[in-house]
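Here is my notebook from a first look around the ligands. Come along and check each entry against the picture.

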Amino acid sequence: MNAKKQLTVTILKKTRKASESGKESIKAYMRMKKKILEILKEESKTIPEIAKEAGLNIDEVTYYLMSMRKYGLLTVANIDDDDEYYYYQLKQD
Amino acid sequence: MEPTTTNIEKQTAAGVDVTTYDALVIGGGIGGEEAALNLANMGYSVIMVEKDYSIGGKMVHLSKVFPTLDCSACITTPKMSETIRHPNIEILTYSEVRGIEKDGKIFNTSIVKKPRYVIEADCTGCQLCEQACPVVVQDQYQYDLVGRKAAYIPFSVAAPRVAAIDIENCTLCGACERVCPPNCIDFTMKEEVIDVIVKSVIIASGFELFDAKKIPQYGFGKYKNVIHAMQMERQLVPTRPYNTVLRPKDGKMPDNIAYVLCTGSRDKTIGNPICSQVCCMYSIKQAQLIMGALPMADVTIYYMDIRAYGKGFHEFYIQTKNMGVEFVKGKIAKIDEKDDGDLVLHYEDIENGGAPKTATYDMVVLAVGVLPQNNIPELFKNEVLELDEFNYVKQTDKLVNPGMTTIDGVFVAGTSSGPMDIPDTILSAGSASAETASYLRRL
Ligand SMILES: Cc1cc2nc3c(=O)[nH]c(=O)nc-3n(C[C@H](O)[C@H](O)[C@H](O)COP(=O)(O)OP(=O)(O)OC[C@H]3O[C@@H](n4cnc5c(N)ncnc54)[C@H](O)[C@@H]3O)c2cc1C
Ligand code: SF4
Ligand code: SF4
C-alpha cells in the first residue's frame, strides 16, 4: 500500500461516471450476503432451506451463495440424507 | 530469405520507425499458439494478437479431452507458458487488429491495445485487488454460473496471469488501487494504437459457440437447469464454479441428466447446415466424466447420428455405452420446466416409428455447435479474404496447401477454416506454419 501516491482513479473520475450496473451489483450482493450470513449463523443449511427461510428466489440464492463460497466466506458441509442437497456453513477461522 | 536472427527488426518506412515481424498471428488459442511456436522455433519473429485478456482459447477452459481423457488445462498450460516466454514471440493481449493493408511484399498493420488498467509488467497476480473490489458480476470464464469481481485475474491459469479492471462495471471506488502492493493499477491508461509491418499473416481466430437462446423452445436462459456444454465443461474441472456438478437453479445434485446433440448444428433453420464435428464426442466424454463425478447419476444422450469418426472414437463410444449411458435416437421438439425445476423433454422416438414421447430429467445439457468468426475479412483493407459457403475462411488449395487463402501471404490455422477437434487444429496449425515458412523463404 502506498498512501503517498495520488490515486489514478481520482483522475478518471473527472471524466467518467461510476458504473450504474456496478453499483446495482454491489447492492444486490450485499443484500444477499447479509441474509445468507444471517441464516447460516446458527447452523449449516441447504440452498432450498435458505431460500425458503429468507423468502428469496432460489436461483439467486444459488448464484450468490456459490460466489460467497468462491470468495471464501462459506464452506461445504455434508450432503442431506437423500443425497440431494449439500449443507453450507460459515467459514470457521 | 533467411529467418531473422533477432526477435524484432526496426525498419524505417516513410521516415517513421515501425517494427517489423515475419508473421502476425491473429488469435492465441491452441491453433495460434502452435503456429506461432513452430515459426518462432525456426527463428522467425512473430507478433500474436489476442482479443481476450489471456491466451489459451477454448481449450484452457475444457475439462478433459476425448478420447484419452487427458486433463485439457494440463496439456495446454505448458504451451501457453512457452508461447508467452518465447524470445521470438511478442504477445499483445486484450488487443485487436484494426486494419491490414498489403503493400508489395509487406502488410502494414494497425493494432489497437485496449486498456486493462493494470501495468502488466508490474502485476504479481496477488489478487488483493480482487478481494478488495465490492462489485460482483457474472464470471464469463465460468460461463455465468458464478460471480466475479470488477478487479480480477481472469482465471487461475491465465497467461499472462495479470489482473484487469472491468471498467464497464467499475464504480471507481479506488479500493483496488489502494491495496495493490506494487501500485500497478493505473486508471489513466488509454487505448494505444500500435503500427507494425508484418511479412505474413496467420488467421487463428477460432470459432464461436452457438447461442442456445436462438432455439427458444429449449428454454436456455429461461430454465436455469438447461445449460450448454461449455457450462458442463466448467462444472467438470477442479476450478469449477460449484463444489461438484449441481443444478444452477437450486444446487441439487442431479440424478439424471439428458444431452441434446446437434443443438445449432445440421440445422438449416438456424443458418448452420453443417456438423460441428466435436459435439457427439465431447458429449460422450462428458457422460463418462459425469459418471465419475456422480456415480449414482443416469445419463441419456439424444442424438440424430453418432459421428465417432476419429482414431479410437468408436471404441470410446462403445465403452461409454457399456458403462451404462443410454443413447436414444430422437429429435427434441421442446423442453418444459416443472415447478420443482425438473425438465420435461418432448421428443420424437425415431427408432420406434417416430412416436411423440416425453421424459423427465433433473438437468439438460445442450450440445451446442461451433460457428465461424466471420468478421475477419473486414480487417483486410485492400485485399479480399474470401469465405467459403459456410462462412469459414476459404481454403483455396485444401488438399495440397490447406493453409492457403485468397490472399498471397495470408494463411489460416485451426477452426478458422472449419469445425475441428484439438488434434486436427494442431495439424492444421502445423501445415499453416510450414506454408508460412516456405512463403517467407521465397520472399
Ligand atoms: C464444449 C466443447 C468441448 C470440447 N471438447 C473437446 C475435446 O474434448 N477434445 C477436442 O479435441 N476438442 C474439443 N473441443 C473442440 C476444441 O475446443 C477446439 O478444437 C479448439 O479449441 C480449437 O482451437 P482454435 O485455436 O482453432 O480456436 P479457439 O479455441 O476458439 O481460439 C481462438 C482464439 O482466438 C481469439 N480471437 C478470436 N477472434 C479474434 C480477433 N478478431 N482478434 C484476436 N483474437 C481473436 C479468441 O479469443 C481465442 O483465444 C470442444 C469444444 C467445445 C465447444
Ligand atoms: S475501483 Fe472499480 S475495480 Fe477497483 S475496487 Fe472499486 S469497483 Fe472494483
Ligand atoms: S493488480 Fe495489484 S493487487 Fe491486483 S493482482 Fe496485480 S499486483 Fe495484486
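Entry one. I sorted the shell around ligand 1 by class and got 17 nonpolar, 11 polar and 7 charged residues. I keep in mind that this is a predicted model.

Entry two. Which residues come nearest to ligand 1? Among the 35 residues around the ligand, I noted Glu50(B), Lys58(B), Lys285(B), Thr415(B) and Ile422(B) as the nearest.

Next I looked up some polar contacts of ligand 1. One of its oxygen atoms lies 2.6 Å from a polar side-chain atom of Glu50(B). The backbone takes part too: a polar backbone atom of Lys51(B) is 3.2 Å from a nitrogen atom of the ligand, and a polar backbone atom of Phe207(B) is 3.3 Å from an oxygen atom of ligand 1. How much of ligand 1 does the protein bury? Taken alone, the ligand exposes 1000 Å², and the protein buries 97% of that.

I then asked where the shell around ligand 1 comes from in chain B. Domain 1 (9–113 + 191–206 + 373–442) and domain 3 (210–370) each give at least three residues. Going by elements, I found at least two shell residues from each of the helices α1 (30–41), α5 (229–235), α6 (279–293) and α8 (422–442), and likewise from each of the strands β5 (64–65) and β16 (207–209).

Last, I moved over to ligand 3. I counted 13 residues around this ligand, with Cys123(B), Cys126(B), Gln127(B), Cys129(B) and Cys180(B) the closest. By class, its shell holds 10 nonpolar and 3 polar residues, and no charged ones.

Terms used: Residues are numbered from 1 along each chain as its sequence is written. Chains are lettered from A and ligands numbered from 1 in the order in which they are written. This is a predicted model: local features need pLDDT of at least 70, side-chain atom pairs count only at pLDDT 80 or more; totals for chains, interfaces and linings use all residues. Side-chain values use heavy atoms; hydrogens and water are left out. A residue is near a molecule or strand if one of its heavy atoms lies within 4 Å of it. Ala, Val, Leu, Ile, Met, Phe, Trp, Tyr, Cys and Pro count as nonpolar, Asp, Glu, Lys and Arg as charged, and the others, Gly among them, as polar. A polar contact is a pair of N or O atoms within 3.5 Å; within protein, one must be able to donate a hydrogen and the other to accept it, and residues adjacent in sequence count only if both atoms are side-chain atoms. Accessible areas come from the Shrake-Rupley method with a 1.4 Å probe; for residues, only the protein chains shown count as cover. Helices (H or I, at least four residues) and strands (E, at least two) are DSSP runs, numbered from the N terminus. Domain bounds come from an automatic or database domain assignment.
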